[in-house]
Amino acid sequence: MAKVVCVLYDDPVDGYPTTYARDDLPKIDHYPGGQTLPTPKAIDFVPGTLLGSVSGELGLRTYLEANGHTLVVTSDKDGPDSVFEKELVDADVVISQPFWPAYLTPERIAKARNLKLALTAGIGSDHVDLQSAIDRNITVAEVTYCNSISVAEHVVMMILGLVRNYLPAHDWARKGGWNIADCVKHSYDLEAMSVGTVAAGRIGLAVLRRLAPFDVKLHYTDRHRLPEAVEKELNLTWHDTPQDMYPHCDVVTLNCPLHPETEHMVNEETLKLFKRGAYIVNTARGKLCDRDAIARALENGQLAGYAGDVWFPQPAPADHPWRTMAWNGMTPHMSGTSLTAQTRYAAGTREILEAFFEGRPIRDEYLIVQGGALAGTGAHSYSKGNATGGSEEAAKFKKAG
């Protein structure tokens, strides 16, 4: 039987919830485009409950133990003395979430001699060294589309929050002030601005569709051009490269995967291509941007704002400059782990495990690496190589805590 190591974020500081704000979730049976929601044989959790923290266990314990497997759940993931590192040595399956990633570096994969499946409960497998997974014939899978709309909603919220200067204005009200001039001196209308997305896949296209009613000019760049009918429907302007698109946009949102080709794609040099006073929203991966170049661009006015929920590494050290830099709208990595999204990706994790243990094919759209090569969604969206370098810095958060 298998040993499954599951790395999840900590429970709330006031304890695991016993009640929730809402009694149920709206029901959908498919995503835009027709892909069906996860279809496990059963689930052992209540939809809408906190599944992504340690006590939630993604609702997996009853299923795994009933089938003779061992489940280890921990939030302690960073550093050589972490629970994760110790339990990894004889693990057959590793599960983690992008929000609290268990970094599977080349060194860790070399130690994990039994590892057969690295499963992302969510979307985005850059915390796994894909090259080592390819070389070792380890399957890498993720629950594609489970939280794409969740992230798209977060992007739109953050764009409006930056452009309208919402967060500083909220702080004035929260602290008892009424300083209207201070609230509006950095506030503009989104209407008629040009907004561009780097990548127009499930998340990027959903962002474009949600922004169209705001009467903005929409731009996009992607290695796979959208169908002409979609471009006409949304009045999209396509650009061959991100560098071609940046000068045209007041707002740029990053919605592409992290892999060696996209690492630090926004840097000291490419920031010079942006309009002065542009905004960047990044809910994709923190390492798409050069950390210090972003902070400097906000300080010198090249950027008017930067928001997102992705950092590198994760969790971010307490001294990470994005926590305190000017005009930022940063949050912990939360956009894709709403209670709604958790219900879907917990069910998708169960579906993948059922297929894996029963020797059935995992859905093609869930596959990133299989059979020693990029596969399924991975072949469409990723490139070979390793993007985990520097992840050991996450241990600084643990020490600070």
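Reader: How far apart do the centres of domain 1 and domain 2 lie?
Author: The C-alpha centres lie 28 Å apart. Keep in mind that this is a predicted model.

Reader: How do you know which residues belong to domain 1 and which to domain 2?
Author: The bounds come from an automatic or database domain assignment. That assignment gives domain 1 as 3–145 + 337–376 + 383–388, and domain 2 as 147–330.

Reader: What makes a residue part of the contact?
Author: Its heavy atoms must come within 4.5 Å of the other side. Domain 1 supplies 25 residues and domain 2 supplies 16 residues.

Reader: How much area do domain 1 and domain 2 bury between them?
Author: About 1700 Å², with 51% of it on carbon and sulfur atoms. On the side of domain 1, Tyr145, Ser383 and Ala387 supply 32% of the buried area, more than any other three residues.

Reader: Why is the pair Arg285 and Asp126 called a salt bridge?
Author: The rule asks for a side-chain nitrogen of Lys or Arg within 4 Å of a carboxyl oxygen of Asp or Glu. Here the N to O distance is 2.6 Å, so the pair of Arg285 and Asp126 qualifies.

Reader: How many salt bridges does the rule find across the interface of domain 1 and domain 2?
Author: One. Between the two domains, seven residue pairs are in polar contact.

Reader: Which classes of residue make up the side of domain 1 that touches domain 2?
Author: That side has 11 nonpolar, nine polar and five charged residues.

Terms used: Residues are numbered from 1 along each chain as its sequence is written. This is a predicted model: local features need pLDDT of at least 70, side-chain atom pairs count only at pLDDT 80 or more; totals for chains, interfaces and linings use all residues. Side-chain values use heavy atoms; hydrogens and water are left out. Buried area is the accessible area (1.4 Å probe) that two parts lose on being put together, summed over both. A polar contact is a pair of N or O atoms within 3.5 Å; within protein, one must be able to donate a hydrogen and the other to accept it, and residues adjacent in sequence count only if both atoms are side-chain atoms. Ala, Val, Leu, Ile, Met, Phe, Trp, Tyr, Cys and Pro count as nonpolar, Asp, Glu, Lys and Arg as charged, and the others, Gly among them, as polar.
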